[in-house]
Amino acid sequence: MRVRVDSELCVGHGRCYVLAPSVFGEDERGHCVIANEVVPPDRESQARMGEANCPEGAIEIEEE
Amino acid sequence: MAANNPDPKTGEVNLFSPEFAACPQPVFRRLHEQCPVTRAAFTGSPVISRYDDVMWALRHPEIFSSEMEMAVALGTERPMIPQQIDPPAQTAFRKILDPRFSRRRMSEIEPAIRAHANALIDEFIDKGECEFDHEFAIPLPCTAFLSLMGLPREELDLFLELKDGIIRPRVTSDDPDEPTRLRAATGQRIYGYFERMIDERTRAPRDDMIGYLLEAEIEGKKLSRSDILDICFLLLLGGLDTVTSTLGCNIAFLAANPEHRRRIVEKPELIPAAIEELLRWETPVMGVPRVVKQDVSIRGVEIKAGEIAMLLLGAADTDAAAFPNADAVSFDRERNRHIAFGAGPHRCLGSHLARMELTAAMEEWHRRIPDYAIKPGETPRVSPGIREVQYLPIVWEARRESMP
């Protein structure tokens with residue numbers, strides 16, 4: 001699984017890094033940053049939770 | 001009657017009725033189904049209620065602008081920054097302000113919020129009852145504001161008075177202009193207070209919010225004195241009634257729905273999810289106004305430049321097209337893209353602060369007062385607009401605690 005954030009859409013709601021801190025991080029403004037696009041299998045449910053709770057729909061998941 | 005809202009013939013929706021404020025969800029449902037873009041009774045303002053439409057409007061500030069003449073309404077002389085200005089100027093201010101409101105920074109003031117929540121509960125827990133709004137929900141967010149600004153707790157009463165002077169001026173006559181005059185007078189006191197703070201920090205720099213704003217730069221230029229005042233005004237007004245209202249809506253819901261309350265008491269780790277779901281269901285800031293900058297057609301309804309549109313966040317958050325089982329309150333909802341804090345560039349600056357306050361308050365309250373109900377024979381009273389539960393009598397079985 002790969003996970004990406006559209007930084008044009010992200011406005012810093014912060015739902016992703018609060019709910020799934022093992023996949024999503026935050027920059028100084030509180031916008032989402034993803035250190036590693038490739039999601040290990042044991043963190044896939046976390047990644048999906050981040051995607052499902054982003055009000056901006058800024059997170060995209062690509063299942064492989 | 002709530003069943004006649006929106007009006008079955010004209011589709012006009014009454015946004016000011018007390019029944020609507022107390023229980024807006026059935027009205028939202030009828031708006032979605034019958035007239036998703038309609039007009040408000042009395043004002044004729046366009047009212048938008050579907051999730052996708054509200055989202056689209058929030059993301060197009062060039063069409064649905066936040067730049068409006070709210071000055072008279074709120075006692076200000078200029079727009080509040082960054083709420084009442086649009087990108088790109090708004091973006092520059094958000095770049096400065098966002099880091100001061102990040103989740104990490106907010107966790108620094110969390111201990112002060114928990115301590116104040118417990119101090120408030122100490123005052124009434126042995127009585128077995130309280131009026132939740134005035135004894136808990138109103139004072140608590142003031143502590144957050146004072147901590148955020150680096151002001152001493154002794155200023156609490158002053159700020160409660162200033163906030164009330166803007167939101168609920170004490171009218172003493174029938175003169176329709178009196179509220180505006182009172183708000184303007186309070187506005188001047190607020191400007192004066194922050195002017196003195198700026199003067200003090202200009203003489204002796206301090207590491208607090210105003211100290212930070214005095215040092216901040218946009219494209220190599222320091223903020224003007226009026227910029228700083230316009231930010232401070234927003235910080236004072238923005239974070240008080242909104243969190244107060246959310247606390248009241250939450251406790252009113254949980255008092256009336258013991259099965260939901262028992263779940264979070266038995267499993268306190270559910271509290272953050274419960275807060276999100278109640279933000280969705282109650283959406284205390286039920287709508288945000290926008291000035292229409294160019295003619296636009298939504299779902300075949302023509303909206304004209306110059307009109308003031310109401311984007312119903314609460315309706316968006318209960319839209320069945322966006323939320324499966326939208327009418328069911330479920331703390332297990334896995335997909336929750338609610339927009340109780342708005343969306344797009346104007347996403348609430350204080351959302352991380354609000355979430356921290358709500359979590360601390362709900363955890364402390366339910367740890368100490370797990371079982372409570374609305375006082376028998378009483379009916380909570382909810383204000384229109386921002387849904388503050390202005391009268392919320394709560395009772396519980398008083399008992400001596402072994403430890404606080």
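Okay, bookkeeping. Residues count from 1 along each chain as its sequence is written, and chains are lettered from A and ligands numbered from 1 in the order they're written. Since the model is predicted, local features need pLDDT of at least 70 and side-chain atom pairs count only at pLDDT 80 or more, while totals for chains, interfaces and linings use all residues.

So, chain B overall. The C-alpha atoms fill a box of roughly 60 × 55 × 50 Å along the principal axes. Chain B has 17 helices and 14 strands, taken as DSSP runs numbered from the N terminus: H or I of at least four residues, E of at least two.

Now the sheet. In chain B, five strands form an open, mixed sheet ordered β1-β2-β10-β7-β3, where pairing takes at least two DSSP bridges between two strands. β1 (37-39) and β3 (64-65) of chain B are at the edges with a single partner strand each, so one side of each has no neighbour in the sheet. Further in, β2 (residues 46-48) and β10 (residues 308-311) of chain B run parallel, joined by two bridges. I48(B) has L311(B) in β10(B) as its bridge partner.

Last, the interface: 14 residues of chain A contact 18 residues of chain B, with contact meaning C-beta atoms, placed from the backbone, within 7 Å.

Methods:
Contact = placed C-beta atoms within 7 Å.
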